[in-house]
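Colleague: Could you walk me through this model, one feature at a time?

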Amino acid sequence: MKVGCAFLYWFAGRKKISPGQIINQLSGAVDLLPTLTDLAGLSPDYFYPLDGISLMPALSGETGEIDRTLVSTWNDRVSVRQGKWLFSADRQLFDLSTDREQTVDVSALHPGLILQMQEKVDWYREEVLGSLPEKDLRPFVVGHPDERFSKLPVRDGTPSGEIRRSNRYPNCSYFTHWKSHIDRITWPVAVEEEGVFEAIIYYNCAATDVGGALISLKAGKEELLSRLTQPNDTPMTGAELDRVPRTESYMKGFAPFSLGTIRLDRQVRDITLQAVDIPGERVMDLFLLVLKRVN
């Protein structure tokens, strides 16, 4: 870990963190929250204990390297980091102190360590992954009393009909190929506090397709109808800066457009966007739906 990130500068002066130092402490994203709260001098009362640790003692030189184990998972693949060792999801063992590119599998030289690592993987699968539902059916909370804006990105939406994502990676995608009145986009939601909200979409649409699609936003028994009247036809950007073509989606300039206001009550379980009239060839490319509390 290299000390010198911009968000540490202000705290560094207060906590006397030496600039430019390199600390060989095994760390991960789970350590960000405890480290930042420690830097800010906060002691939150968490409902559940955190998996991460504060890196402040290492940053300030108060302690040396802490021996720890980090387990990572993605798409049902589990790997383990322990000191200089990485035990991959393919049961390969790498010594990262001499092989940072993970090219030499040394598992045959350390059978005892392999058994220890595999025990950690088995425990994690049983105790952590085994406690999770096969499919996450939790709704997305909107209308929280402490938040004025509730954002529903297309990452969390479910398309139907001919609508598809611009890329297979949801975190970096937008909805495109929206051409039919049977196409729709749905978000499962839970309304925390009832109220009236302005619905704002972030979209991209050619001038030839404006004039324009009549958009329906349904939330329970309420429906908001609005006609898209403003073009926003900007090209994809980013490719000109890449040395190698990326696998994630390139992006466009998505502009906000207010659909109007709609009332959301606590009985609402889904929010759905649909085009009921399409004069042009397509409706739009969609990136985000924002619900702004009016009252």
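Predicted model: local features only at pLDDT ≥ 70, side-chain atom pairs only at ≥ 80, totals over all residues.

Colleague: Thanks! In which strand is the place of Asn 204, and is Asn 204 buried or exposed?

Modeller: Asn 204 belongs to strand E11. Buried means under 20% relative accessible area, exposed over 50%, and partly exposed in between (1.4 Å probe, protein chains only). The relative accessible area of Asn 204 is 0%, so Asn 204 is buried.

Colleague: Which residue's side chain does the side chain of Asn 204 join in a polar contact?

Modeller: Contact means heavy atoms within 4.5 Å, and, not counting residues up to four places away in sequence, Asn 204 touches residues including Asn 232, Lys 252, Phe 254 and Arg 282. A polar contact is a pair of N or O atoms within 3.5 Å; within protein, one must be able to donate a hydrogen and the other to accept it, and residues adjacent in sequence count only if both atoms are side-chain atoms. At 2.8 Å, the side-chain partner of Asn 204 is Thr 234.

Colleague: Why is the pair of Tyr 203 and Phe 257 classed as it is?

Modeller: Rings of Phe, Tyr and Trp (its six-membered ring) pair if their centres lie within 6.5 Å; planes under 30 degrees apart count as stacked, over 60 as edge-to-face and the rest as tilted. By this rule there are 4 aromatic pairs. For Tyr 203 and Phe 257 the ring centres are 6.0 Å apart and the planes stand at 75°, so the pair is edge-to-face.

Colleague: How many residues apart are Tyr 203 and Phe 257?

Modeller: Tyr 203 is buried at 1% relative accessibility, and Phe 257 is buried with 8%. The pair links distant parts of the chain, with Tyr 203 in strand E11 (residues 195-204) and Phe 257 in strand E14 (residues 255-264), and their separation is 54 residues.

Colleague: Which strands are the edges of the open sheet of 4 strands?

Modeller: Two strands pair if DSSP finds at least two bridges between them. The order here is E1-E2-E3-E4, with antiparallel pairing. Pairing on one side only marks the edge strands, E1 (69-74) and E4 (93-95).

Colleague: About what angle does the direction of helix H4 make with that of E2?

Modeller: Axes are lines fitted to C-alpha atoms, for helices over the stretch in contact, and angles run from 0 to 180 degrees between N-to-C directions. From one strand to the next, the twist averages 15°. Helix H4 (residues 111-127) packs on the sheet, touching E1, E2, E3 (85-87) and E4, and its direction makes with that of E2 an angle of about 130°.

Colleague: What is the phi of Asp 76, roughly?

Modeller: Asp 76 sits in the loop between E1 and E2 and counts as exposed at 54% relative accessibility. Although Asp 76 is not a glycine, its phi is positive, at about 65°.

Note on methods
Residues numbered from 1 in each chain as written. Heavy atoms only, no water. Helix = DSSP H or I, 4+ residues; strand = E, 2+ residues; numbered from the N terminus.
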